[in-house]
Amino acid sequence: MVTLVIVENSTDAPKKETFHVITAAKLMESDIWAVVLGKDCHNICKAVSTISGVKKVIKIDAEFLKEKLSESYAFQISNLLKAYREIKSVLISTSSFGKELLPRIAAMHGMSQVSDVIKIHSPSIFDRPIYAGNLISKVKTSEKIKFLTIRTTKFDAAKKTEEVGINIENFTADTFSSLKSIINSSSVTSDKPDLLSARVVVAGGRGLGSAENYKKILEPLALKLNAALGASRAAVDSGFAPNEYQVGQTGKVVAPELYFAIGMSGSVQHLAGMKDSKIIVAINKDEDAPIFRIATYGLVADLFDVVPEITKKIR
Ligand SMILES: Cc1cc2nc3c(=O)[nH]c(=O)nc-3n(C[C@H](O)[C@H](O)[C@H](O)COP(=O)(O)OP(=O)(O)OC[C@H]3O[C@@H](n4cnc5c(N)ncnc54)[C@H](O)[C@@H]3O)c2cc1C
């Protein structure tokens, strides 16, 4: 039996999400293969071949796979599953791409998937959060192939090994014509820590009042703590912070060692994205704000007074 991990990658390296998914794959009690799709992706395959636990890397390399279209990726992986009947589970992270890709492959095989797995009890029994993380549902699936998206904050990253020489096998891509094509893609590049992997996150909500305040109050604190910036959806919708800063049910799920929740009420939807943080510091002028129910430390104060003061005191 084989568990197939779909590798997510930047232009030249596997993304860290893949390392966490490989740790989850180790709990599926089978060999782990990883599949890399793209154009000129040999270096990524080589990097994946050095992750502990991976027994085989399959490369699907073609010009038309340069565009990360979920329709075309789903088609190739579906062909792979037909060629290798020993693949009994397929895993990818609960990223936007994972959420777009995996249900397509499962549907092509007439099967359902289990989404956002946080615990693997056995190769067919999993925990997953429901109702914005307020309940944990234990699910048993009898599908012939288990299709799982994995919540990466719940599994440690797999390590690199010194061993070399595992198999990188080519699998021929079948031409695929899609009605869809990518006209343009852009991403924000930043020298600040990445929100998903930062040890400290400084997040702000509607209480900050404006984009200028968000920058003026939070950035100096984040800089001193080498922290990533985060935001509530209200702050994002009000234009205080960019979309990719949003934490929560419809944003990113983070679990840093230290999370500052500044000027935010603590809605269930926001908690769904940060309540696993090890230490939560809440600053809110309303002592009844729900955020204080989950905060490790709570400060009832005006953020405009205390945040600059805290920043000044941190050496
Ligand atoms: C389907 C769905 C999905 C959603 N997904 C998300 C999500 O992913 N992430 C998310 O965050 N939200 C999400 N939301 C929105 C969520 O319900 C809340 O509306 C949002 O989280 C509120 O953001 P907030 O806490 O910044 O704002 P508010 O609830 O308005 O809270 C502002 C807080 O700031 C405090 N404050 C004001 N001034 C000061 C001051 N000077 N000093 C100190 N404190 C001050 C106030 O006391 C208040 O508690 C979702 C909602 C829905 C329906």
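Buried residues account for 42% of the 315 residues in the chain. The model is predicted, and its secondary structure consists of 9 helices and 15 strands.

**Overall dimensions**

Along the principal axes, the C-alpha atoms occupy a box of roughly 65 × 45 × 40 Å. Among contacts with a separation of 6 or more, 66% join residues 24 or more positions apart.

**Domains**

The domain assignment divides the chain into domain 1 (2-170) and domain 2 (200-313). Their centres, taken over C-alpha atoms, are separated by 32 Å. Domain 1 gives 5 residues to the contact and domain 2 gives 10 residues. On the side of domain 1 that touches domain 2, 1 residue is nonpolar, 3 are polar and 1 is charged.

**Ligand surroundings**

The ligand is surrounded by 28 residues, of which Gly205, Gly207, Arg233, Ala234 and Gly248 are the closest. Two or more residues of this shell come from each of helix H6 (233-237), helix H7 (268-271), strand E14 (279-284) and helix H9 (303-313). The largest share, 3 residues, is provided by H6. The composition of the shell by class is set out below.

| Class in the shell around the ligand | Number |
|---|---|
| Nonpolar | 8 residues |
| Polar | 15 residues |

How values were computed:
Residues are numbered from 1 along each chain as its sequence is written. This is a predicted model: local features need pLDDT of at least 70, side-chain atom pairs count only at pLDDT 80 or more; totals for chains, interfaces and linings use all residues. A residue is near a molecule or strand if its C-beta atom, placed from the backbone, lies within 6 Å of it. Helices (H or I, at least four residues) and strands (E, at least two) are DSSP runs, numbered from the N terminus. Ala, Val, Leu, Ile, Met, Phe, Trp, Tyr, Cys and Pro count as nonpolar, Asp, Glu, Lys and Arg as charged, and the others, Gly among them, as polar. Domain bounds come from an automatic or database domain assignment. Two residues are in contact if their C-beta atoms, placed from the backbone, lie within 7 Å. A residue is buried if 20 or more other C-beta atoms lie within 10 Å of its own, exposed if 12 or fewer, and partly exposed in between; C-beta atoms are placed from the backbone.
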